[in-house]
Amino acid sequence: MASHGRRYTKEYRRRLIALVRSGRSAEDIAEEYEASPRAIRRWVREADAAEGRGDDGWTRQEREELKQLERENRRLKRENAFLKKAAAWFARETSSGGTD
């Protein structure tokens, strides 16, 4: 295992992060590349955070876009409900003659 406090290049870390993301375990990679499994898992968490990936696998941008679409969907539903009520009102007014 690597000695405590050893410095690793960004490229080296990126390579190990990619291996974890491809499905290999941090323990397996640690044995082969002489880094601690704990450090590798930390690097992956840090990379996920830097890339905006949450525990759900969605990026920050995707989650924000989903929130925006949900807001727009709620707005459109409100508008649709209003238009249905207005259409029903106009239908009643036309069928009753609409005289004041």
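The axis of a helix is a line fitted to its C-alpha atoms over the stretch in contact, and the angle between two axes runs from 0 to 180 degrees between their N-to-C directions. With that in mind, the axes of α1 and α3 come within 9 Å and cross at roughly 90 degrees. The structure described here is a predicted model, and the secondary structure of its chain comes to four helices and zero strands. Read from the N terminus on, the elements of the chain follow the order α-α-α-α.

**The chain as a whole**

- Of the 100 residues that make up the chain, 18% count as buried.
- When contacts in the chain between residues at least 6 apart in sequence are considered, 35% of them join residues at least 24 apart.

**Helix α1 against helix α3**

- Because angles from 65 to 115 degrees count as roughly perpendicular, the crossing at roughly 90 degrees places α1 and α3 roughly perpendicular to each other.
- On the α1 side of this contact stand Arg13, Leu16, Ile17, Val20 and Arg21, and they meet Ile40, Trp43, Val44, Ala47 and Asp48 in α3.
- Sorted by class, the contact of α1 with α3 has seven nonpolar residues, three charged residues and no polar ones.

**Helix α2 against helix α3**

- Helix α2 covers residues 26-33 and helix α3 covers residues 37-50, and their axes come within 8 Å and cross at roughly 120 degrees.
- The crossing in which α2 passes α3 is right-handed.
- From α2, the residues Ala26, Glu27, Ile29 and Ala30 take part in this contact, where they meet Pro37, Ile40 and Arg41 of α3.
- By class, the contact of α2 with α3 has five nonpolar and two charged residues, and no polar residues.

**The loop between α2 and α3**

- Glu34 has its place in the loop between α2 and α3, and its phi is near 60 degrees, which is a positive value in a residue other than glycine.
- Glu34 has a relative accessibility of 48% and therefore counts as partly exposed, since that class lies between the buried limit of 20% and the exposed limit of 50%.

**Aromatic pairs**

- Counting rings of Phe, Tyr and Trp whose centres lie within 6.5 Å, the number of aromatic pairs comes to four.
- The rings of Tyr12 and Tyr33 have centres 6.5 Å apart and planes at 75 degrees, so this pair is edge-to-face, because planes over 60 degrees apart fall in that class.
- Tyr12 lies in helix α1, which covers residues 10-21, while Tyr33 lies in helix α2, so the pair ties together parts that are 21 residues apart in sequence.
- Tyr12 has a relative accessible area of 16% and is buried, whereas Tyr33, at 24% relative accessibility, counts as partly exposed.
- Trp89 and Phe90 form an aromatic pair that is also edge-to-face, with 4.9 Å from centre to centre and 80 degrees between the planes.
- Trp89 is partly exposed, with a relative accessible area of 42%, while Phe90 is exposed, with a relative accessible area of 51%.

Methods: Residues are numbered from 1 along each chain as its sequence is written. This is a predicted model: local features need pLDDT of at least 70, side-chain atom pairs count only at pLDDT 80 or more; totals for chains, interfaces and linings use all residues. Side-chain values use heavy atoms; hydrogens and water are left out. Helices (H or I, at least four residues) and strands (E, at least two) are DSSP runs, numbered from the N terminus. A crossing is left-handed if the near helix is turned anticlockwise from the far one by less than a right angle, and right-handed if clockwise. Contact means heavy atoms within 4.5 Å. Ala, Val, Leu, Ile, Met, Phe, Trp, Tyr, Cys and Pro count as nonpolar, Asp, Glu, Lys and Arg as charged, and the others, Gly among them, as polar. Rings of Phe, Tyr and Trp (its six-membered ring) pair if their centres lie within 6.5 Å; planes under 30 degrees apart count as stacked, over 60 as edge-to-face and the rest as tilted. Buried means under 20% relative accessible area, exposed over 50%, partly exposed in between (1.4 Å probe, protein chains only). Angles under 35 degrees count as roughly parallel, over 145 as roughly antiparallel, 65 to 115 as roughly perpendicular and the rest as oblique.
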